[in-house]
Amino acid sequence: MKTIKIGDIIIKTHPQVYEPAEDSELLMENLVDVKNKVVLDVGTGTGIQAINAAKKGAKIVVGVDINPYAIQIAKENAILNNLELNKKIFFFESDLFENVEGKFDVILFNAPYLPTSDEERLEGWLNYAFDGGEDGREVLDRFIEEVGDYLKENGIVQILQSSLTGEEKTIKMLNKQGFKAKKTAYKKFPFEELQVITAWRD
Ligand SMILES: C[S@@+](CC[C@H](N)C(=O)[O-])C[C@H]1O[C@@H](n2cnc3c(N)ncnc32)[C@H](O)[C@@H]1O
């Protein structure tokens, strides 16, 4: 375990939890206005996006993850960053929206987006951070199909994905679910581009 600093946020890491990287930072830097909003961070990992939203003025923030170690460390990180755990910021285990109730103004998801074959799978909980199934879209597509039920009418969804996952595919899927969507930020690397896809209803 180690502690890292991203901007003014202190993050304790855990060997079984995704350590914030360029993708995490791209989503943080391009977060929509969350002042006084109710925010859901799906796949919260260390809690970094949830903590960032709380620090940027969100009224209530909920972070969920399928990985129990993530929930444990996210709670510790909320306290480390002087946030009121279980008053302003909440974390609990959930496979996507399984244990989520209510509707949110903003829903974030830095998705596990890597196309992953059986041989590439990692042992343990950390695998969930990367494994997007054979085509990289397994978890993301399920998220897109379900997200509308948890979003307020004028709410906004922000997804962080890779060009390897398919920009057009994500936008088409979102359109199919009744959203307008566009790429609102990107960062290029030699073999991929990290992308923030922002979606809203007409
Ligand atoms: C790329 S990491 C992002 C972590 C963090 N949000 C960040 O920005 O650094 C993806 C996260 O999604 C979680 N995850 C994967 N599949 C999930 C699922 N079905 N339901 C909830 N969380 C999931 C993983 O455990 C991991 O913490």
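Predicted model: local features only at pLDDT ≥ 70, side-chain atom pairs only at ≥ 80, totals over all residues.
**View 1. The shell around the ligand.** Let's start with the ligand, which has 22 residues around it, and of these Ser24, Gly43, Gly45, Asn110 and Tyr128 come nearest. Four elements, α1 (22–29), α2 (48–55), β4 (60–65) and α4 (127–130), each contribute at least two residues to this shell. By residue type, the shell holds 13 nonpolar, seven polar and two charged residues.

**View 2. The open sheet.** Here you can follow seven strands in the order β5-β4-β3-β6-β7-β9-β8, with mixed pairing. At the edges lie β5 (89–93) and β8 (179–188), each of which pairs on one side only. From one strand to the next, the twist averages 15°. Zoom in on β3 (residues 38–42) and you will find this strand paired with β4 in the parallel sense, over five bridges. In this pairing, Asp41 sits opposite Gly63 of β4.

**View 3. Two helices against the sheet.** Helix α1 packs on the sheet and touches β6 (104–110), β7 (151–162), β8 and β9 (193–201), with its direction at about 35° to that of β9. Helix α5 also packs on the sheet, where it touches β3, β6 and β7, and the direction of α5 makes about 170° with that of β7.

**View 4. Val139 and its surroundings.** Val139 belongs to helix α5 (residues 138–147). This residue counts as buried because it has 21 C-beta neighbours inside 10 Å. Leaving aside residues up to four places away in sequence, Val139 touches Ala111, Pro112 and Gly132. Tyr128 is eleven residues from Val139 along the chain, and their C-alpha atoms are 9.6 Å apart.

Terms used. Residues numbered from 1 in each chain as written. Near = placed C-beta within 6 Å. Nonpolar A, V, L, I, M, F, W, Y, C, P; charged D, E, K, R; others polar. Buried ≥ 20, exposed ≤ 12 C-beta atoms within 10 Å, placed from the backbone. Contact = placed C-beta atoms within 7 Å. Pairing = 2+ DSSP bridges. Axes fitted to C-alpha atoms, helices over the stretch in contact; angles between N-to-C directions.
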